[in-house]
Amino acid sequence: MKILGVISGNLRRKRLTIRLPGDVPHPDDFRGAVVIDEAKCVCCAMCRYACVSEAIEVEIFENRFVWNYHGGRCTFCGRCVAICPSRALSQEPESPPPHAEPAELTRSHTISFPPCAECGRPAFPVTDTVLLKAFKEIGEDIVSWSRLCLRCRRRRYSKGMAAGLKSVHGRETKKPG
């Protein structure tokens with residue numbers, strides 16, 4: 001019966017804890033859920049390879065890229081954000097909302113590939129951020145090359161190689177076959 005005396009004594013006393021107004025502020029370096037900026041994404045899927053908890057899944061189709069984020073699996077380590085070459089990923093400054101099922105925090109984004117500048121077929125998007133990482137200076141030729149699909153890039157490269165060989169050998173090159 002001692003326990004009943006302890007309980008009744010606790011019920012008669014005033015609260016000893018202080019209720020905080022609103023939410024507790026997060027520290028400056030807090031890492032929340034991962035967010036994607038579709039305009040910056042180059043559909044390289046590096047985030048998927050960097051994610052140790054398999055919270056990021058990607059699907060690459062002929063004309064689109066689907067980015068799925070499973071917030072219930074995420075450990076909020078920030079590896080995907082650090083490795084993203086186009087800086088398309090970031091983390092929210094607050095923690096995700098409470099959830100009963102991990103699937104409640106799933107987000108899906110579909111990024112359509114832009115058309116090729118020459119043939120109109122879908123081409124992987126290339127942003128200026130990525131071009132600046134790859135090249136010291138971005139000229140008009142590099143920008144026009146980045147707007148092509150893989151087939152048209154190969155064709156342009158082959159034409160350039162053929163012209164280079166022609167100028168070196170001083171004659172027309174023959175196609176094999």
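Author: What follows treats the cavities, then the cysteines, and lastly the sheet.

This is a predicted model, in which local features need pLDDT of at least 70 and side-chain atom pairs count only at pLDDT 80 or more, while totals for chains, interfaces and linings use all residues. Residues are numbered from 1 along each chain as its sequence is written, and side-chain values use heavy atoms, with hydrogens and water left out.

Rolling a probe the size of a water molecule over the atoms shows where empty space is left. A cavity here is a set of points, on a 1 Å grid over the protein atoms alone, where a 1.4 Å probe fits but cannot get out, and its lining residues have an atom within 4 Å of a point; grid points are joined across faces, edges and corners, and the volume is the space filled by probe spheres set on the points. Searching the whole structure gives two cavities of 30 Å³ or more.

The largest cavity holds about 100 Å³ of space, and of the 16 residues that line it, Cys41, Cys44, Ala45, Cys47 and Cys84 are the closest to its centre. Helix H2 (46-50) and strand E3 each supply at least two residues of this lining, helices (H or I, at least four residues) and strands (E, at least two) being DSSP runs numbered from the N terminus. By class, the lining has 15 nonpolar, one polar and no charged residues, where Ala, Val, Leu, Ile, Met, Phe, Trp, Tyr, Cys and Pro count as nonpolar, Asp, Glu, Lys and Arg as charged, and the others, Gly among them, as polar.

The second largest cavity has a volume of about 70 Å³; 14 residues line it, and the closest to its centre are Cys51, Cys74, Cys77, Gly78 and Cys80. Its lining has nine nonpolar, four polar and one charged residues.

With a disulfide taken as a pair of cysteine sulfur atoms within 2.5 Å, the count comes to zero. Cysteine 41 is in no disulfide, and the nearest cysteine sulfur, that of cysteine 43, is 4.3 Å away. Cysteine 51 has its closest cysteine sulfur in cysteine 80, at 6.2 Å, which is too far for a bond. Both are buried (under 20% relative accessible area, with a 1.4 Å probe and protein chains only), cysteine 41 at 10% and cysteine 51 at 14%.

Methods
1 Å grid on protein atoms, 1.4 Å probe; cavity = no way out; pocket = protein on both sides within 12 Å on 5 of 7 lines; lining within 4 Å. Buried < 20%, exposed > 50% of the residue type's maximum accessible area, 1.4 Å probe, protein only.
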